[in-house]
Amino acid sequence: MSAAQIELSGIERVFRLGDSEVHALRHLDVSIAPGEYVAVMGPSGSGKSTLLNLLGLLDRPNAGVYRLEGRDVTTLSPEEQARVRSERIGFVFQSFHLVPRLTAAENIALPMMLAGIPPRERADRVACALKDYGLENRAGHRPDQLSGGQRQRVAIARATIMRPAVILADEPTGNLDRATGEEVIRLLEQLNGSGVTVIIVTHDPVLGGHARRQLLMEDGALQHDSAREGAA
Amino acid sequence: MRVPDLIRFARDAATGSPLRTSLLVLAVAIGVAAVVVLTALGDGARRYVVNEFSSIGSNLVIVLPGRSETGGFNPANAITSTPRDLTVEDARALLRGTAIRRLAPLVIGTSEISVGGKLREVIVAGTTSQFIEVRRLSLAQGRFLSEEDWGRGSAEAVIGAKIRDELFGSEPALGKLVRIGDRRCRIVGVLAASGQGLGMNNDELVIVPVALAQAMFNSNTLFRILVEARNREAIPAAKAQAEEILKLRHDGELDVTVITQDGVLATFDRLLGVLTLGVAGIAAISMAVAGILVMNVMLVSVAQRTAEIGLLKALGATGRTIRMAFLAEATMLSLAGAVVGYVLGQAGAALIRHLYPTFPAYPPTWAVLAGLVTALASGILFGVAPARRAAALDPVQALSKR
Ligand SMILES: Nc1ncnc2c1ncn2[C@@H]1O[C@H](COP(=O)(O)OP(=O)(O)O)[C@@H](O)[C@H]1O
Ligand SMILES: [Mg+2]
């Protein structure tokens with residue numbers, strides 16, 4: 001096994017709601033190599049989204065160390081974390097999270113705009129992405145003029161436009177019908193085929209079965225890791 | 001994020017919610033427009049008064065018949081009989097005053113002037129040779145009334161610039177004989193064009209010796225005595241002396257009113273001071289209201305766009321970028337409001353000038369600049385808090401808000 005791209009050790013995430021505490025993640029140790037295709041599964045409330053948010057640096061653990069490409073990212077300043085999010089990580093959400101007032105092309109270009117990439121290069125890369133995801137004649141449409149599948153394709157195009165090393169997708173098919181969902185999964189698998197690490201949260205055992213590695217979460221703890229199966 | 005992108009992003013965010021945006025722009029615009037219009041009124045009033053008074057001469061003390069014309073209502077007036085008239089002899093007596101440099105008695109009436117078949121109604125001023133110095137007028141041609149005994153009344157006249165143009169056109173006026181009422185006079189001088197002064201247009205005036213005017217109007221009273229004090233410091237003394245001399249002459253009764261330019265100006269000054277204070281107060285209030293409105297609307301905007309802010313952060317936006325975006329939006333809205341307010345204010349001032357042509361309602365440059373700068377500064381200042389709040393949002397918390 002090559003050096004881990006993602007390395008979690010002793011991760012704890014506790015939410016305090018008044019007096020009660022919710023242990024969303026308990027003592028998590030996971031290591032993921034570059035180019036892996038991982039499905040995170042488990043019942044609702046088991047901590048899948050919390051895990052993905054931590055991986056995407058949208059949230060900080062209460063304890064433990066998260067190393068991304070050998071670097072401890074939990075101790076980075078907010079500005080440095082933003083840079084890591086911008087350059088290394090692409091996020092795909094269940095509810096798409098497109099900016100309603102921006103067109104498909106503008107939504108796809110958003111991460112590049114935030115990163116300060118010159119307009120000419122942005123235009124070229126957006127044109128490529130629109131073609132790759134079959135959205136050429138939807139470039140000027142706003143999200144409310146797009147179907148669910150098209151919206152999620154725009155979201156995936158946006159997540160990949162900065163050529164991240166890791167794609168994190170939190171139930172990307174949750175709001176789509178079966179056929180459209182499978183199409184989205186195919187896109188993510190194509191990305192994985194080109195060497196990008198893909199981590200998908202899903203309820204669906206069929207879709208989860210596509211992945212080469214499955215992580216089964218339960219009550220904030222890692223219940224089962226298909227990669228350890230063979231080793232054990 | 002690049003500056004053009006930042007501006008475009010902020011603009012789209014602003015135009016994305018037209019109601020919020022137009023409310024904000026309106027609030028700032030009203031503030032700026034209020035400053036422009038109110039200072040135009042205040043400064044216009046000040047300019048009007050200063051113009052009026054500087055055009056009638058300086059160190060001027062004016063004697064008018066009757067008591068207390070400007071001093072407010074005095075119950076004694078209601079009872080006492082008609083006041084004694086002012087006469088040429090009264091004026092002559094005033095020359096004794098040590099604080100008085102020179103003076104000019106003044107008789108006013110309307111008459112007709114005619115020459116070569118042209119006829120025109122004019123205001124005739126009967127006075128003496130020193131009138132031109134007392135009133136600080138200047139001549140375009142010829143000379144002023146000759147220095148002669150005030151009782152003599154030579155048949156000579158000095159005419160205003162406009163009268164000259166109307167009666168003589170391009171022909172020479174000096175030395176011509178004209179008929180004024182039932183008298184024939186020779187034109188000895190023409191006043192330089194000057195315009196308005198104390199409600200009396202010098203350009204349409206015909207000036208003749210005081211005795212001639214009194215004969216014309218068949219009266220021996222004076223309308224005013226214009227007195228010039230030796231200097232600015234001598235004005236109160238000149239006033240006191242005039243009152244004293246006339247009281248003596250009028251059997252110990254002070255039945256004239258002596259007004260000084262200073263007194264009148266001081267009254268106006270007080271009034272205008274209050275007006276300016278009021279203007280400043282209203283302007284400050286409207287600016288503060290606009291600023292607080294900007295802040296609140298921007299805070300609402302932050303709350304409404306929490307999910308978007310979370311998303312931007314998830315996509316790699318730094319806190320700085322988010323701060324700049326919100327600040328750019330607040331600045332843009334304030335700037336738009338300032339421009340709209342400036343245009344509205346100038347239009348308002350122009351409307352006032354159109355309705356009251358003699359009132360110079362121009363906003364002073366300092367006030368316009370102060371208004372614009374204050375609007376921008378308050379927009380930016382009050383935009384900072386919402387921008388900071390937006391930038392401080394935790395990405396995952398923000399994202400989960402819908
Ligand atoms: N912001 C939060 N505040 C409090 N509790 C939270 C918060 N986010 C998640 N949780 C709790 O943490 C647990 C894990 O949630 P989550 O990771 O969303 O589960 P999953 O995505 O597997 O359905 C749940 O019990 C949930 O209620
Ligand atoms: Mg979830």
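The second largest cavity in this predicted model is lined by Tyr37(A), Ala39(A), Thr173(A), Ile185(A), Ile200(A), Thr202(A), Leu207(A), Gly208(A) and Ala211(A). On a 1 Å grid over the protein atoms alone, a cavity is a set of points where a 1.4 Å probe fits but cannot get out, whereas a pocket is an open set with protein on both sides within 12 Å along at least five of seven lines; lining residues have an atom within 4 Å of a point. About 50 Å³ of space lies in the second largest cavity, a volume being the space filled by probe spheres set on grid points that are joined across faces, edges and corners. Strand S3 (37–41) and helix H7 (205–210) of chain A each contribute at least two residues to this lining; helices (H or I, at least four residues) and strands (E, at least two) are DSSP runs, numbered from the N terminus. The lining comprises 6 nonpolar, 3 polar and no charged residues, where Ala, Val, Leu, Ile, Met, Phe, Trp, Tyr, Cys and Pro count as nonpolar, Asp, Glu, Lys and Arg as charged, and the others, Gly among them, as polar.

Residues are numbered from 1 along each chain as its sequence is written, and chains are lettered from A and ligands numbered from 1 in the order in which they are written. In this predicted model, local features need pLDDT of at least 70 and side-chain atom pairs count only at pLDDT 80 or more, while totals for chains, interfaces and linings use all residues; side-chain values use heavy atoms, with hydrogens and water left out.

A search of the whole structure finds 4 cavities of 30 Å³ or more. The largest cavity holds about 70 Å³ of space, and its lining includes Ala314(B) and Leu315(B) alongside residues of chain A, among them Arg85(A), Phe91(A), Arg158(A) and Met162(A). Helix H2 (78–88), strand S6 (89–92) and helix H5 (148–160) of chain A each supply at least two lining residues, with S6(A) giving the most, 3 residues. By class, this lining has 7 nonpolar, 2 polar and 2 charged residues.

About 570 Å³ of space lies in the largest pocket. Of its 24 lining residues, Ser49(A), Thr50(A), Asn53(A), Asp170(A) and Ser400(B) are the closest to the centre. Two or more residues each come from S2 and H1 of chain A and from helix H13 (395–400) of chain B; the largest share, 4 residues, belongs to H1(A). The lining divides into 8 nonpolar, 12 polar and 4 charged residues.

The largest pocket is the space taken by ligand 1, a molecule being assigned to a pocket or cavity if more than half of its atoms lie within 2 Å of its grid points. Ligand 1 lies between chains A and B. Of the 13 residues around ligand 1, Gly45(A), Gly47(A), Lys48(A), Ser49(A) and Thr50(A) come nearest; a residue is near if one of its heavy atoms lies within 4 Å of the molecule. By class, this shell has 5 nonpolar, 7 polar and 1 charged residues, and its largest share, 3 residues, comes from H1(A).

Oxygen atoms of ligand 1 lie 3.1 Å from a polar backbone atom of Gly47(A), 2.9 Å from a backbone N or O atom of Lys48(A) and 2.5 Å from a polar side-chain atom of Thr50(A). The protein covers 67% of the 550 Å² of accessible area that ligand 1 has on its own, as computed by the Shrake-Rupley method with a 1.4 Å probe.

Terms used: A polar contact is a pair of N or O atoms within 3.5 Å; within protein, one must be able to donate a hydrogen and the other to accept it, and residues adjacent in sequence count only if both atoms are side-chain atoms.
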